[in-house]
Amino acid sequence: MFAFVLRRLLVAIPTIIVITAVAFFMMKVAPGGPFDLERPMPEEIRERLLAEYGLDQPVWKQYIDYMAGLVQGDFGPSLKFLDKDVAELIGEGLPVSLMIGALAMLVAVVLGTFLGAIAALRQNTSGDFAVMSFAMIGVSIPPLVMGPILALVLGVYMGIFPTGGLNFSRYGLSVLVLPVITLALPQIAIIARLMRASMIEVIRSNYIRTARAKGLSASAVIVRHALRAAVLPLVSYLGPASAAVISGSLVIERVFQLPGMGAYFVDAALQRDYTLVMGVVVVYATLIIVLNLIADLIYSVLNPRVSYDS
Amino acid sequence: MTTILNPKEKEEMLSKAAVQGRSLWDDARIRLFRNKAAVTSMVILGILVVLAILGQLGVWVHDYDTIYRDRVSQPPTWENLHLLGTDAQGRDLLARTLVGLGVSLMVGIVATVVSLLIGVTWGAIAGFVGGRTDQLMMRFVDILYSLPFIFFVIILMVVFGRNIILIFVAIGAVEWLTMARIVRGQTLALKGMEFVEAAEAAGVSQWMIIRRHIIPNVLGPVVVYVTLMIPVVILAESFLSFLGLGVQEPLTSLGRLISTGAQDMEVAPWTLIVPAVTMMVTLFCLNFIGDGLRDAIDPKDR
């Protein structure tokens, strides 16, 4: 197990290097720069600014300098928020994004597993049909449609939930409801579908029949034997799911005006704030790699047939 | 008495015998047309496609980019035939929605074809060649899988400007991974199948094996995956448009319309509702057709 984790972490290092290199050089290829304003500034000042941030160096040197800083945990200064470091900006945005994302994942896993299991156990009944219709709606209505509609109906017309911002002192936790629901809905749907399919397969298998035959109660068969095997496909979906939640958060943060990390990213890229773009990419790439690793580990714990120590 | 046939006659007999039975595809078609949700979806989608084409041709009384300064944010009305109202700049929403639908569908199809080409080629080569090449190629896919792709697409859009060809390529280049896996797995499995061996033993030519056995068997999952991928691609495009990185004004797509509609929803809710409903219906139809096809082609899941 330990060797496996170590090996995966070692593979993660070149992956991160490749990701940063691609992102870095792509940004540099882009026409324009962070100091191209609508009103052109005097050439001297421009050159001073470029020199100040090391942007007058050759690109490969800039990349090496950036990576050298990154290794020491230095994300560099933001080129647009002149009084702030990228690390500070990420420090402000990341907790918001993480909180919304983690809550959405939690809701999605709990509700999705539950709904999927119910649908499988009551296969071809009206309950099953209801869950599957709900799942179809969840898959077909993306956050960018669902978010504005929920905000319009529940926020503007009915006034139940606030439609934007993160004003805890005024609204309390209710500000989180709409963003989390919007973000979780497609994942609930996908997880419920996966769970239903795998649960149906499991409860038809021989060992479940054996468990029933030896007189275990229905709940013991389901909880102790069927669920454990049925959640396996879900675990391998956790990696892609977290990536989906992260990209969904870009939309959510815009719809509900949340001060998260995704909100920075698009503007930073448009304004050529190289260091901020790089910072966001590095943080999210690391997050996805770590989450994938965790998903693999949970998988091996739940499924004794999988061993990573060969 | 045994008749001895020459190889040419034999081949003719064999192909005749094969035609008489009901093929995999006949079965699938029958199953598909029994699926009411899928058939209804096909009809609705067909209507939407026709409307979108008419929208592109500009047959409606209003153009999608004509600005009526005196008719800003009008709710749906018979007056001046703004059947679905106008947007905050005074443009006819019906015309804009149809054009947006057309762009979204086009992106869906073209980007899917791009990813289909890359994915099938990659997967087929990996599966056929096998061995070390296969390992390397699939390892590469694994690594790409774990990347935060959306960020690269966003950077790409920023770098090369927002042109529609680039959207096709960028989305297609992101979505080919699963296709490559499916094709590779299928090819690998088929290569070792008994019926392929049997066909070889019976002296069927290599080309015939590929045509009669390999292609039909790979095609099923690929067709299913393609139909389920079109909605994913449409979503990806609307995601980019929503962030302001997709197609550029005055051209529009459903994602862009939803994005502007969301900004104006408190004064002009129809500018959000019309494109949002259009998109929902389109995605519903595509998903139902995809599910129907999967059940029809690969019925073991039911």
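In what order do the elements of chain A run from the N terminus on? They run α-α-α-α-α-α-α-α-α-α-α-α-α. This is a predicted model: local features need pLDDT of at least 70, side-chain atom pairs count only at pLDDT 80 or more, and totals for chains, interfaces and linings use all residues. Residues are numbered from 1 along each chain as its sequence is written, while chains are lettered from A and ligands numbered from 1 in the order in which they are written.

**View 1. Chain A has 13 helices and zero strands.** Helices (H or I, at least four residues) and strands (E, at least two) are DSSP runs, numbered from the N terminus. Along the principal axes, the C-alpha atoms of chain A fill a box of roughly 85 × 60 × 30 Å.

**View 2. Helix α4 of chain A carries a kink at A:Gly93.** The helix covers residues 86-121, 36 residues in total. From first C-alpha to last it reaches 50 Å, close to the 52 Å expected at 1.5 Å a residue. The expected span is 1.5 Å times one less than the number of residues. The kink is about 30° and lies shortly before the proline A:Pro95. The bend at a residue is the angle between axes fitted to the seven residues ending there and the seven starting there.

**View 3. Helices α8 (177-203) and α10 (218-230) of chain A cross at roughly 130°.** Their axes come within 8 Å. Axes are lines fitted to C-alpha atoms, for helices over the stretch in contact, and angles run from 0 to 180 degrees between N-to-C directions. The angle makes α8(A) oblique to α10(A). Angles under 35 degrees count as roughly parallel, over 145 as roughly antiparallel, 65 to 115 as roughly perpendicular and the rest as oblique. A:Met195, A:Ser198, A:Met199, A:Val202 and A:Ile203 of α8(A) meet A:Ala226, A:Ala229 and A:Ala230 of α10(A). Contact here requires C-beta atoms, placed from the backbone, within 7 Å. The contact has seven nonpolar, one polar and no charged residues. Ala, Val, Leu, Ile, Met, Phe, Trp, Tyr, Cys and Pro count as nonpolar, Asp, Glu, Lys and Arg as charged, and the others, Gly among them, as polar.

**View 4. Helices α6 (149-160) and α7 (164-191) of chain B pack at about 160°.** Their axes are 10 Å apart. The angle makes α6(B) roughly antiparallel to α7(B). B:Phe149, B:Val153, B:Leu156, B:Met157 and B:Phe160 of α6(B) meet B:Leu166, B:Ala170 and B:Val174 of α7(B). By class, this contact has eight nonpolar, no polar and no charged residues.

**View 5. Helices α4 (93-129) and α5 (131-145) of chain B cross at roughly 145°.** Their axes come within 7 Å. B:Trp122, B:Ala126, B:Gly127 and B:Val129 of α4(B) touch B:Gly131, B:Thr133, B:Asp134, B:Met137 and B:Met138 of α5(B). The contact residues divide into five nonpolar, three polar and one charged.

**View 6. Chain A gives 36 residues and chain B 31 residues to their contact.** On chain A, the elements that give two or more residues include α1 (2-29), α11 (232-255) and α13 (274-302). The side of chain A that touches chain B has 31 nonpolar, four polar and one charged residues.

Conventions. Contact = placed C-beta atoms within 7 Å.
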